[in-house]
Structure formats: structure tokens, C-alpha cells
Amino acid sequence: MFGGKLKIHRRIAAVGLAGLTAATMVLTLAPAAGATVLANSVATQGQTSISDSDEAELREFWTQYEVAPSTQNALVQKLRAGGTVDALTDGAQPTSTRTVSSETDDVTVTSFADGSIQITGVEKPLEEAEGAISPMSVGSCRTSGSGSGYNTYYDCKAYLSNGFVDLGFYITYTIVAGTGYDYIVEVNSPYAYGIGGTASTPTLAIGRKTEYAGGSAWAYARTSYSGVNGGGRTYEMRALVGSNRTLTIWA
Amino acid sequence: MSTSFKIKTALTALAVTAAVAVSAGPATAETEGHEDLRAFWTQYGVSETVQDSLIDKFETTGGFDASSAAAIPVSVVAQPGPADSTANVATYADGSIAVTTLENATPTDPGTISTRGISGCTVTSGSGYATYNGCLISAGDGIKFLSFRASYQRVSGGYAKILSSNSPATASNYGDMTDPVRAYMRYQSTSLQDAVVKYSSVYTSWSSGGSETVYTSLWLTAGGTASVGRS
């Protein structure tokens, strides 16, 4: 299960600026305000620190994105002591960002003062939709269809991760040519995966169905994460649809 | 092994036997030597060498690449599955696999009672249609399994549709899974969009306390081609 999460990172990691201009999904994660603690986390009762398996998975995640072993040791030491890391802290300011590209994705890696990271990924196009109105592709969408001045992408996956929480859902959206307003058709099937703690069954909703002059259409998934160190917060991932492209961010 | 763990294992063994016996599920329910994982992998041709490395990885990290529904496989191969089903075996970079199965249908004549009883998957063909009844849909990665049954219909010159779904079941030897629920349904396909029904459960690992939303889904194209997904 943990190795699978890492596959998500690899998948997300293949995205880049090229993917941004050409296609589909930008993925990010950030802690939401108003964090809550999951009160009934039976699975983590009695635990006061991350487990060995948590550590192994976190180290694999950090190694994948080139966090130095000495930094990893320091981060693990903080977590083992019952503390938290900057990437999980509300209001923590990043110190740097960089992009890691592969054949399938590009990932933006954001680093914080203590060396912890969070990632933002964009899937590169897997195929080009016939008759698409823009260079955007269907990415991991199941199907697509175009009409006069618009293209609809059906059942597209959007996923994000920060090493502790994965969030995702399916989205169907329509890109309207030129300056027409793009819109979200539907969202469903929210997905959450918690490492070093539990992530509650995510809630899913559309915040704004149609793009407008002031911003994008957006949908969001939220989960309450409860870490084994006792900390917890609500994470919210948003998929934005506007300006003839889509992206996902932490809210 | 603690008493509570033994109880969980025993209960899960029953769940595995009862619920997923004819799906992609493990052949046994013993966890101490991971015989259940090995039996699952052996069933789908994973070499012993790879199995050894996966066991090492599992004991170190609590999982492997195939464990996430969002992971990208390096290959997907269709092959005969258990209990007269067709399996799609997705192999991941570390050699782990995720298997989805769709039960094969036994033809019956319209208007007759199925020869396989209510637990079997049958197809009844008529003028311009074919109806598949009670077919088992299953998905699993060796650690957690989620299955259900569905009926669907192909229509010549029309759009295929899912008629019903029921009997969801879960099984795991390594964690708790909540009662599965029908999480999403779009029974009618269109020229642009597949019909789909999804069941979900939340898996919580006993060893790590980590949790994950698990899905098994049946997708049906307008032309009536059925496939099984894990998200």
C-alpha cells in the first residue's frame, strides 16, 4: 500500500511546465485552515510516534525527490520525538521550488526551511483528442468528446500528495474555446490515503461550477488527517478549471 | 500474535472464503508467513524471486507498488482467472500485481431459468440485445479485495446500460475494511460516456494505522464492452 502511494508520486512527478501549457492536470496539496483532529482514530490509539513502516515510506518519498539523507534523519528525528515538519505546518513558507520531469509527468517540488517537501504534479498528455479545440489532451480522462467550440473531458483522475496524505477524485469538465467560460460537469469518487496516520473518508463538492471573470470553476475534496503524533488537520485539494486548462492545488 | 489479531485474522479468513472465493482473492488466509500473498502471486505467475523481494518490501514498508489504486502499471495482461472469470493482471515496477476479474457468462435461452443458479453469471441473448445477469466483479492487490455483482445489457444499435448491482463484499488479512457501499452509479452509457457503478470501502492497516479509500468499479462502454477498475 505504501509503495503504491509512491507510484502516485512517480506518476505525478512526470509533469512539467510543458504539461501545464499543453494539458490536463496540475496537482498540489496544502493544509487548510481550521484544522481538526480526527477524534476516533482507533487505529492509531496508543501510538505516539511514526512507525518503522511510516519512516521507510517517508524516506522513499524523500529520496525520490532528492532530500539529503542527513535532512531525512533530522526530519525523522522530529517526527519520532512527536513533533511535526514544516510541510505539514499551517502557514509555513516555502524556501524554494524546482521542477522534476519524466516522460509522463512533471512535478514541482516545494521545499521548506527544515528540508521537508510537498509536491505539485501535472500529467502530460497521453493522447490527443481528435478535433480538440486546444492543444490540451485528455490526459488520464476515460473519454472525451468535442463539439462546436467546446471539448468535454469525462471521468478524469486528479490526485495530489504531500507524503503524508494523498487526495484525489474523478472530474468531468468542459473547456470552452477562446474566452468562453469553462465549467465543471461533475465530480465523484473521492479518494484519500493517509501515511503515518489516518485520513478520514473525504468529502467532495463543487465550489463554483462555472468559470467567471474573476476566477476559475473549482471543485474540492477534504479529509481530516490524524497523525500518530497526535496532530491533525483538515486538508483540502482543489481542482481548478479555467483559462482553457485545469490544475489542482492545495487550498 | 496477539489475541485480537488472531480474532481479526480468523474473521478475515471467513470473509475471504465466503466473499471472494471466486474472485481475485487470496487462496488462503494465513498471514504469519504471508502464504496468502504468495498464493495470490503464484496464481498469477509472479516468480518466487520477485515474491521474496515483495515480502521483504512489505515487511519493511507495509506495502508495494500495486497497493494504490492510483499507481501506474508497467504492463496489463488479460488471462483466464479463477472460477471461470477473465482476469486483467496489472504488473507494477517492483513486480507486484493488482488483479481485476470479470466473471464469464454462461449462455442461456431467453425465457428459461439459469442452469447455474442464482450465484452464476449468465447471458441471455434476444433480438438486438444481450443481458448479463449476476456477474461477479472483483479487484484486489493481495492485501485488500472488494467485489460485487452486477447485471448489464448490450443493445444492438443502442447504448449499453447497467441494470443493477448488489452483494458487495470485502476481504483483507492485513487490516479492517468498512462495510462496502455503492459509491457512484451512472447506469446509462452515452455515445461519449461510459456507464459505471462503483463500490467503495475504507481500509485501515493493522500494522501502520494508515488508511485508504478502496474502490472497485464496473465500466461499460456504449457498445457494451465491460471492464473492471480500482478507482
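Reply: K57(B) is buried at a relative accessible area of 18% (buried means under 20%, exposed over 50%, partly exposed in between, using a 1.4 Å probe and protein chains only). The side chain of K57(B) meets that of D65(B) in a salt bridge, with N and O 3.2 Å apart (a salt bridge is a side-chain nitrogen of Lys or Arg within 4 Å of a carboxyl oxygen of Asp or Glu). D65(B) is also buried, at 2% relative accessibility.

This is a predicted model, in which local features need pLDDT of at least 70, side-chain atom pairs count only at pLDDT 80 or more, and totals for chains, interfaces and linings use all residues. Residues are numbered from 1 along each chain as its sequence is written, chains are lettered from A and ligands numbered from 1 in the order in which they are written, and side-chain values use heavy atoms, leaving out hydrogens and water.

Another salt bridge in chain B joins R149(B) to E103(B), the closest N and O atoms being 3.1 Å apart. R149(B) is in strand β7 (residues 144–155) and E103(B) in strand β3 (residues 97–103), so the pair ties together parts of chain B that are 46 residues apart in sequence (strands are DSSP runs of E, at least two residues, and helices are runs of H or I, at least four, numbered from the N terminus). R149(B) is buried at 16% relative accessibility, and E103(B) is buried at 9%.

In chain A, R80(A) and D52(A) form a salt bridge of 2.7 Å from N to O. R80(A) belongs to helix α4 (residues 69–80) and D52(A) to helix α3, 28 residues apart. Here R80(A) is partly exposed, at 32%, and D52(A) is exposed, at 57%. Both belong to a network of salt bridges that links D52(A), E55(A), R59(A) and R80(A).

Over all chains the structure holds 15 salt bridges, and 3 are found across the interface of chain A and chain B. One of these links R186(B) to E186(A), with the closest N and O atoms 3.6 Å apart. At this interface, 41 residues of chain A are in contact with 36 residues of chain B (contact means heavy atoms within 4.5 Å). The two chains bury about 3,000 Å² between them, 52% of it on carbon and sulfur atoms (buried area is the accessible area, with a 1.4 Å probe, that two parts lose on being put together, summed over both).
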